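Colleague: I'm new to reading structures. Could you walk me through this one?

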Amino acid sequence: MWLGQCKNVGGYSLIELMVAACLGLIIISAIQSMSSRTLEVLGEIKASSEVLENGQYLSGLLSDEIGMAGFYGDLNHTFTASSAPPHVCQIMNKQQVAQAMSYPIAGEDNVASGYKLCSTETLLPGTDIIVVRRASVNQKNPRYRLKSKEIYIQGTWAEPNPIIEYGRNSAAFKLTKGIERVPVRAWQQTVYYVSEDNVFKRRRFLKGQYSKSEPLVDGVQDFQVEYAVSSSEGTPACNVIFLTPPLTDKQWGKVVAIRFHLLARSPWRRLNHKGKLFNYASKTYMVESDGYYQLFTALAPIMNKLPRRIAFDDEK
């Protein structure tokens, strides 16, 4: 009885086991391949998102700052250049601030290898520097304690000449509106640049001197600036031409807009743009290292100097 039952017991042959093992290996390999591709796609999305986020942040920041250039509060004053623009690294006193107000934008083009900003920090060769000058949007009552080394501006539409003075001399701010003294605004000057380690930074003029550098975004491979110079500043409409430094003193005083280009990179090696060409600012940039690259370009008008209608001319 027991022997008869044993003869009816079935099982898998060696061939069937080998076929099942092969099918299992094929399925596992397919799953592994799909997982690998999924991880690769996620890496690509992360890399492109990182570059996009950095580029949009810097573009927005620069556009806002440039748009505010030349804002000095409620002033009924026309600034006429009476001297050359101050150097980027010049430590400003109140007389130099008064002179610099005619030049809300300044910059340097294609810095040389080994160039040090204000003799302190080495910049990325071939990149540009831009300087933005304006007053703070925050108002302060001169009756209260001001920062002693800070330079402040006080003005009204009724007074053609603004008062520019240090915070320690707050009694000099004598302009009034009714029985109240007119608020003051702090003078601001900010330098934007790319350091040699590809970090986009800024340095702000605070309390009578430049502060330490502030890192904003890393992975910036190039930064180029073009200046839209008005041919007829002060008229309801004008034509502009895009120029790069060196500019004459008169041209610096007639800059009404900025076009800037930021080339950003993510080190994700699976997205290899090596050999890719980017054309901008009358130059061609060829990618020489691995990674994902993206170019950001923006046109930022200087709202305090822009005429009602403007026509842009790309001719050099």
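This is a predicted model: local features need pLDDT of at least 70, side-chain atom pairs count only at pLDDT 80 or more; totals for chains, interfaces and linings use all residues.

Colleague: Which residues touch the most other members of the largest nonpolar core?

Modeller: A nonpolar core is a set of buried Ala, Val, Leu, Ile, Met, Phe, Trp, Tyr and Cys residues joined through side-chain atoms within 4.5 Å. Buried means under 20% relative accessible area, exposed over 50%, and partly exposed in between (1.4 Å probe, protein chains only). In the largest core, which has 33 residues, the answer is Ile105 and Phe260.

Colleague: How many residues are in the other core?

Modeller: That core lies apart from the largest one, and Tyr72, Met101, Ala135 and Phe205 are among its members. Its count is 24 residues.

Colleague: Is Ile26 buried or exposed?

Modeller: Ile26 sits in helix α2; helices (H or I, at least four residues) and strands (E, at least two) are DSSP runs, numbered from the N terminus. Its relative accessible area is 56%, so Ile26 is exposed.

Colleague: What separates the C-alpha atoms of Asn76 and Trp157?

Modeller: Asn76 is in the loop between α2 and α3, and at 41% relative accessibility it's partly exposed. Trp157 is 81 residues apart from Asn76 along the chain, yet their C-alpha atoms are separated by 4.5 Å.

Colleague: How many salt bridges are there?

Modeller: Side chains of opposite charge can pair when their charged atoms come close. A salt bridge here is a side-chain nitrogen of Lys or Arg within 4 Å of a carboxyl oxygen of Asp or Glu. By that rule the count is seven.

Colleague: Which residue forms a salt bridge with Lys201?

Modeller: Lys201 is buried, at 9% relative accessibility. It lies in strand β10 and its partner in strand β3, so the pair ties together parts that are 80 residues apart in sequence. The closest N and O atoms are 2.4 Å apart, and the partner is Glu121.

Colleague: And Lys283 with Asp222: which of the two is buried?

Modeller: These side chains meet in a salt bridge, 2.9 Å from N to O. Lys283 has a relative accessible area of 26%, so Lys283 counts as partly exposed. At 3% relative accessibility, the buried one is Asp222.

Terms used. Residues are numbered from 1 along each chain as its sequence is written. Side-chain values use heavy atoms; hydrogens and water are left out.
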